[in-house]
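Subject: Structure handover

Hello,

Please find the structure below, followed by notes on what was found in it.

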Amino acid sequence: MTTFVLVSGGYTGGWIWQEVADHLRAAGHRAHPVTLTGMGDRRHLSGPGTDLNTHIEDVAQVLDHLGAGEPGEAGETVLVAHCYGAYPALGAADREPSRLARLVYVDAGLPADGVSVLDALPDPSVPDRLRRRAQEHGDGWRLPPPAFEETDIWGSLDGISQEGLERLARFAAPQPLATLTQPVRLTGATAALPATGIFCTKNVTSTAALRALVDSGDPRFAAFTDPRYGFFDLDTGHWPMLSCPGELADLLLRAAAGEGERLGAHA
């Protein structure tokens, strides 16, 4: 039996993993969606001091209270992160990686030490826009959920049903700005952990695109040829837990089993 700890992306909460968690439990595993401070049904706990370290502590506390890291359990825990959730998830994993069997990134970038979420955005105009929005509409410290038309923030919504979009609009919560501006601090302690990337191909990239970068010889991507890293594609938008939760759950189970395409091997 594997324990899946599921960390959601920006503006959302543990509620977004409901169908995925149901599939994982039906397959005989444990699933624990995480609701970060100020998000989902914990939105009332948000404040100007809610920052990335707050969210890292949220994930770390969930792992601690699951008993992860106890004898016989460390090899059974898989930490799954979607989008923004990669920052608090990796920050928590960095504290004690021995408690985890694998990291899984769902349509998420790989955080780098000393870099914040806003620092990592490819479009330099977006951070300024978000800071202005916080000043004008969020008391200077929080970001109201953007309109769905702002796909540079939401990512592709492809595949989400009308009911799913209505849930997303209803339950989306303001994001504390400091969770996006505070740099993550990493020691590199997770470097030896197996990891899996799941790309949503109707959003930004795919396994084939990453393989092309690896094959280009750019040393920045050479690490992805490590056999500990596996990759999957989902033909959907950025929110597979809403658009195809069963398929996502199946890939999480395969990731936990060590499956996935290896970029160091060519057909």
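Strands S7 and S8 pair in the parallel sense over 6 bridges; helices (H or I, at least four residues) and strands (E, at least two) are DSSP runs numbered from the N terminus, and two strands pair if DSSP finds at least two bridges between them. Across this pairing, Phe199 stands opposite Asp233 in S8. Together with helix H9 (residues 207-215), S7 and S8 make a right-handed β-α-β unit (with the strands pointing away from the viewer, the path from the first strand over the helix to the second runs clockwise).

Some points on the source. This is a predicted model, in which local features need pLDDT of at least 70 and side-chain atom pairs count only at pLDDT 80 or more, while totals for chains, interfaces and linings use all residues. Residues are numbered from 1 along each chain as its sequence is written, and side-chain values use heavy atoms, with hydrogens and water left out.

The chain averages a pLDDT of 93 (the predictor's confidence in each residue, from 0 to 100), and 96% of the residues score at least 70. Over residues 68-75 the pLDDT is below 50, and this stretch has 14 contacts in the model beyond near neighbours in sequence (contact means heavy atoms within 4.5 Å).

The sheet. S7 and S8 belong to an open sheet of 6 strands with parallel pairing, in the order S2-S1-S3-S4-S7-S8. Its edge strands, S2 (30-34) and S8, each pair on one side only. Neighbouring strands are turned by 20 degrees against each other on average, direction ignored (axes are lines fitted to C-alpha atoms, for helices over the stretch in contact, and angles run from 0 to 180 degrees between N-to-C directions). Strands S3 (residues 77-82) and S4 (residues 102-106) run parallel and are joined by 5 bridges; Val80 has Val104 in S4 as its bridge partner.

Two helices on the sheet. Helix H2 (residues 52-66) packs on the sheet and touches S1 (3-7), S2 and S3, its direction making about 165 degrees with that of S1. Helix H3 (residues 86-95) also packs there, touching S1, S3 and S4, at about 150 degrees to the direction of S3. Of the 10 residues of H3, 9 are buried (under 20% relative accessible area; exposed is over 50% and partly exposed in between, with a 1.4 Å probe and protein chains only). The cover over these buried residues includes S1, H2, S3, S4 and helix H4 (117-120).

S4 and S7 pair in the parallel sense over 4 bridges, and Val106 stands opposite Ile198 in S7. All 6 residues of S7 (residues 195-200) are buried: Ala195, Gly197 and Phe199 point one way, and Thr196, Ile198 and Cys200 the other. Ile198 is among the residues with the most contacts inside the largest nonpolar core, which has 76 residues (a set of buried Ala, Val, Leu, Ile, Met, Phe, Trp, Tyr and Cys residues joined through side-chain atoms within 4.5 Å). Leu248 is another of them; not counting residues up to four places away in sequence, Leu248 touches Trp17, Val20, Val106, Ile198, Leu234, Pro240 and Met241.

His238. Is His238 buried or exposed? His238 counts as buried because its relative accessibility is 5%. This residue is found in the loop between S8 (229-234) and helix H10 (240-243). Leaving aside neighbours within four places in sequence, His238 is in contact with His82, Cys83, Asp107, Trp154, Gly155, Ser156, Cys200 and Asn203.

Regards
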